[in-house]
Amino acid sequence: MLALSTQLNTYLLLGAMLFGFGVFGLVKRPSLIGMLIAAELVLCGASVNFMAFNHFLAPDKTVGQIMTLFIMAIAAAEAAIAMSIIVAVYRNYKSVETQDLADLQG
Amino acid sequence: MNIQEFYNYFQISLGVADVVKEGVFLGFILVTLGGALMATCSTRTIRAIFGLVVCFVGIAGIYYFLNSPFVSLMQLMIYVGAVAITIAFAIMLAEPDENKRAAKTPPLAGPFAVLLGASVTWALAAASLGAKWMAPAIVVNEGTVTQVGEALLTKYSMAFELVSIVLLLAILGSLVVARSGRDKEC
């Protein structure tokens with residue numbers, strides 16, 4: 001029987017697909033909040049790769065877990081700052097669509 | 001053949017535990033990918049956030065399969081409990097309405113996004129599946145919760161402190177940025 005959960009390639013493929021979904025969402029979404037959501041997906045794809053390499057290839061199996069914990073902390077900080085920027089943009093432009101933020105377009 | 005014998009025969013011949021384990025693993029993968037699809041493709045932003053939460057729960061299950069229940073629980077607490085709620089707050093404060101503006105987006109954004117996402121996925125998958133990964137010759141430690149805690153407080157204590165400073169600065173900075181507009185109105 002095919003044991004998917006004990007193979008490194010499954011996790012690497014999942015991480016690549018999450019990263020791809022994130023890039024797809026970053027391009028497709030018309031609003032800043034949608035882009036923030038897609039950026040979280042990109043970070044998650046990277047974390048899955050870190051955890052997979054940690055479980056299958058690392059001699060010291062704490063390294064990847066600690067790296068993933070740090071990525072989570074950075075993601076939380078990023079979400080907080082992005083939320084405050086979105087709120088500030090909404091106050092000035094009354095919109096969070098990327099099409100409307102075109103003051104520098106000339 | 002009584003029930004016990006039948007149960008033993010069934011368990012040995014089919015490997016019920018393995019089947020259940022693989023089924024649960026496949027379920028977590030489907031939940032993750034379905035959540036990611038919902039997070040990127042739904043028209044309403046609140047549904048996108050729900051998809052993000054579903055995706056995070058699936059990833060927590062994947063982490064459990066990778067022998068790290070601590071990171072799995074942290075994923076649930078930090079991502080589902082904090083990050084998703086923060087993004088939900090952003091929706092409440094900024095009221096985005098993507099469906100009204102759907103006509104204003106460039107017509108090529110959708111196909112271009114699909115193309116870009118697919119090619120990035122293909123490149124990453126080809127690079128990581130084509131490489132020869134070597135299993136470690138020796139395993140220094142197993143990465144249990146105790147060992148993770150010890151490493152965080154000894155070997156990585158500096159990085160730990162720096163991350164806490166980064167979080168503090170992020171909170172202060174977000175307060176400053178979000179508050180500055182309000183002063184003008186007063």
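**Exercise 1.** State the order of the elements in chain B.

Solution. From the N terminus on, chain B runs α-α-α-α-α-α-α, that is, seven helices and zero strands. Helices (H or I, at least four residues) and strands (E, at least two) are DSSP runs numbered from the N terminus. This is a predicted model, in which local features need pLDDT of at least 70, side-chain atom pairs count only at pLDDT 80 or more, and totals for chains, interfaces and linings use all residues. Residues are numbered from 1 along each chain as its sequence is written, and chains are lettered from A and ligands numbered from 1 in the order in which they are written.

**Exercise 2.** Describe the side of chain A that touches chain B.

Solution. The contact (C-beta atoms, placed from the backbone, within 7 Å) takes 65 residues from chain A and 83 residues from chain B. On the side of chain A, helices H1 (8–28), H2 (32–56) and H3 (63–93) each give two or more residues. H3(A) provides the largest share, 22 residues.

**Exercise 3.** Determine how H2(A) and H3(A) are oriented to each other.

Solution. Their axes, lines fitted to C-alpha atoms over the stretch in contact, with angles from 0 to 180 degrees between N-to-C directions, come within 9 Å and cross at roughly 175°. H2(A) and H3(A) are therefore roughly antiparallel, a term for angles over 145 degrees. Among the residues that meet are A:Leu36 and A:Phe50 of H2(A), and A:Ile71 and A:Ala79 of H3(A).

Definitions and conventions
Two residues are in contact if their C-beta atoms, placed from the backbone, lie within 7 Å. Angles under 35 degrees count as roughly parallel, over 145 as roughly antiparallel, 65 to 115 as roughly perpendicular and the rest as oblique.
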